[in-house]
Amino acid sequence: MVKNGKGGFYYGLEILPENWYNFVPDLPEPIPGPINPTESNAVGAMEKIRPKALQEMEQSREKWLTIPKDVFAKYQLIGRPTPLMRARELEDYFGITARIYFKREDFLPTGSFKLNTSIPQAYFAWKEGFQGVVSETGAGQWGISLCFAAQLYGLKSKVFMARVSYRQKPYRRTLINLYGGEVLPSPSEYTGAGRKMLQERPDHPGSIGSGISEAIETAINNPEYAYVSGSNLVHVLIHQTVIGMETRRQLEQIGEFPDYLVACVGGGSNLGGFMLPFLPEVKAGRVKLLAAESTAAPRLTKGEFKYDQSDPFGYTPLTKSYTLGKDYVPPATHAGGLRQHNGSPAVGVVRHAGLLDARAYSQDEVFEVGVLFSRLYGTVPAPETCHALRAVIDLVKEVEKVRKNAVICACFSGHGLLDLSGYEDVYLKCFKEGIY
Ligand SMILES: *Cc1c(COP(=O)(O)O)cnc(C)c1O
């Protein structure tokens, strides 16, 4: 095996973990517990509508949680482990000595890392006797992954997709239907919460938050449906730790250790799953962390660390995270996966403890690197992923000024083949303005 020097893909041997890593006992500060809202629209609803196993995982203090055999087999079915890639051409393009690695979650069949959690969530819902799952989705990646996983277990599926993405990304809807799921634009006319939002603002673009309100209401009224979440929560991040654990082992096998880890951040699940398995070294100051968010929802750079709800209608418990306020409606952008007013409490704790740096990028800044990456490698990155790429490029240029041979590793969260309308809009605009 060629050490360090090789470009291209590296899969690694025997690296698919048999346990998820529960990072909670290793966090620098405890996660402030959730508070039930006093005037909630649904006090205590969550306990009934979310599978018990997931609620238990949310509270668990066991460091290693066994991946059920069936879920492990399905991780193999979808192609885990995903490859780690050394981006030599990108290094050469910028003429740097740093080594850049990407963990390629876009290799999964639905095009993003979301399957790592949709499969175990569908599995536990099925095991507990639910007949269907209902959830929200931003740009649709979570929706696709959930509906695919649901039908693996013979479950029905229903997703509320942010209205702006519903319009922008019709093929994501096609995929949801192809996997046997049902997709509704949020806000919709089908729920009380949706009707109220539309009444207040008929042109409401929707967001992950609006979808949450509608999905929870649906689960409350249809008890055969489990309500599940695609991000934010501890159990979701725990499922996603397969990303970071594989990365760690793949880097170890080629004799590397990262100096910097970079990921884009929406609810925080790819970032958490990718970075938190390195927590002991992060606390020891051996690894630095950088989050890339969207200027459309700049909660880590501009938000406050405080208790807030995840949905505007007020169904969800109050959790402490970086938030822009539950009534903040992010402007319409193509990076639907990052359009959320708040985020993961676990990621919030890491940021609050001073262990996570963050930068916000605008749509034009990120699509520019999406085009560069596409031309170098053929792979079109998802708009969300472009945020991480942008941060890698900025970071690498800065680091190069102070030290040589740094190792920078980023999570490549998904591909953008169903985001081409975004590329078309932004790319064509930039092209006219002479940026390319
Ligand atoms: C969902 C998604 C994100 C953002 O979600 P997180 O929970 O913050 O990780 C980023 N990239 C892609 C491709 C996604 O599908």
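1. Pro187 occupies the loop between strand E8 (182–186) and helix H9 (192–200). The structure under review is a predicted model. The peptide bond joining Ser186 to Pro187 is cis, with omega at about 0°.

2. Once residues up to four places away in sequence are set aside, Tyr190 touches Leu184 and Arg195. The C-alpha atoms of Tyr190 and Glu217 are 9.9 Å apart, and the two residues are separated by 27 residues in sequence.

3. Pro81 is in the loop between helix H3 (69–77) and strand E4 (84–86). Apart from neighbours within four places in sequence, Pro81 makes contact with Tyr11, Ile15, Leu16 and Glu246. Glu14 lies 67 residues from Pro81 along the chain, and the C-alpha atoms of the two are separated by 8.9 Å.

4. Most residues other than glycine have a negative phi. Asn232 sits in the loop between strand E9 (225–227) and helix H11 (234–253), whereas Asn405 sits in the loop between H17 and strand E15 (407–412). Asn232 has 10% relative accessibility and so counts as buried; Asn405, at 43%, counts as partly exposed.

5. The surroundings of the ligand comprise 19 residues, and Lys114, Ser231, Gly266, Ser269 and Asn270 are the closest. By class, this shell holds five nonpolar, 12 polar and two charged residues. Helix H12 (269–275) and helix H17 (383–402) each contribute at least two residues to the shell.

6. An N or O atom in the side chain of Ser231 is 2.5 Å from an oxygen atom of the ligand. For Ser269, a polar side-chain atom lies 2.7 Å from a ligand oxygen. Gly267 takes part through its backbone, with an N or O atom 3.0 Å from an oxygen atom of the ligand. The ligand taken alone exposes 380 Å², of which the protein buries 97%.

7. Lys169 is placed in the loop between helix H7 (163–168) and helix H8 (170–178). Is this lysine buried or exposed? Lys169 has a relative accessibility of 2%, and it therefore counts as buried, the cut-off being under 20%. The side chain of Lys169 reaches the backbone oxygen of His334 at 2.8 Å. With neighbours within four places in sequence left aside, Lys169 is in contact with Ala139, Met161, His334, Leu418 and Asp419.

8. Ile212 is part of helix H10 (residues 208–221). Its relative accessible area is 6%, so Ile212 is buried. Beyond neighbours within four places in sequence, Ile212 is in contact with Glu136, Tyr227, Ser310, Asp311 and Thr316. Ile212 and Ser229 are 17 residues apart in sequence, with a C-alpha to C-alpha distance of 8.4 Å.

9. In soluble globular proteins, nonpolar side chains tend to be buried together. The largest nonpolar core of this model has 78 residues, and Trp20, Phe23 and Leu356 touch the most other members. Not counting residues up to four places away in sequence, Phe23 touches Val234, Leu237, Ile238, Thr241, Leu276, Leu279 and Ala346.

Key. Residues are numbered from 1 along each chain as its sequence is written. This is a predicted model: local features need pLDDT of at least 70, side-chain atom pairs count only at pLDDT 80 or more; totals for chains, interfaces and linings use all residues. Side-chain values use heavy atoms; hydrogens and water are left out. A residue is near a molecule or strand if one of its heavy atoms lies within 4 Å of it. A polar contact is a pair of N or O atoms within 3.5 Å; within protein, one must be able to donate a hydrogen and the other to accept it, and residues adjacent in sequence count only if both atoms are side-chain atoms. Accessible areas come from the Shrake-Rupley method with a 1.4 Å probe; for residues, only the protein chains shown count as cover. Helices (H or I, at least four residues) and strands (E, at least two) are DSSP runs, numbered from the N terminus. Ala, Val, Leu, Ile, Met, Phe, Trp, Tyr, Cys and Pro count as nonpolar, Asp, Glu, Lys and Arg as charged, and the others, Gly among them, as polar. A nonpolar core is a set of buried Ala, Val, Leu, Ile, Met, Phe, Trp, Tyr and Cys residues joined through side-chain atoms within 4.5 Å. Buried means under 20% relative accessible area, exposed over 50%, partly exposed in between (1.4 Å probe, protein chains only). Contact means heavy atoms within 4.5 Å.
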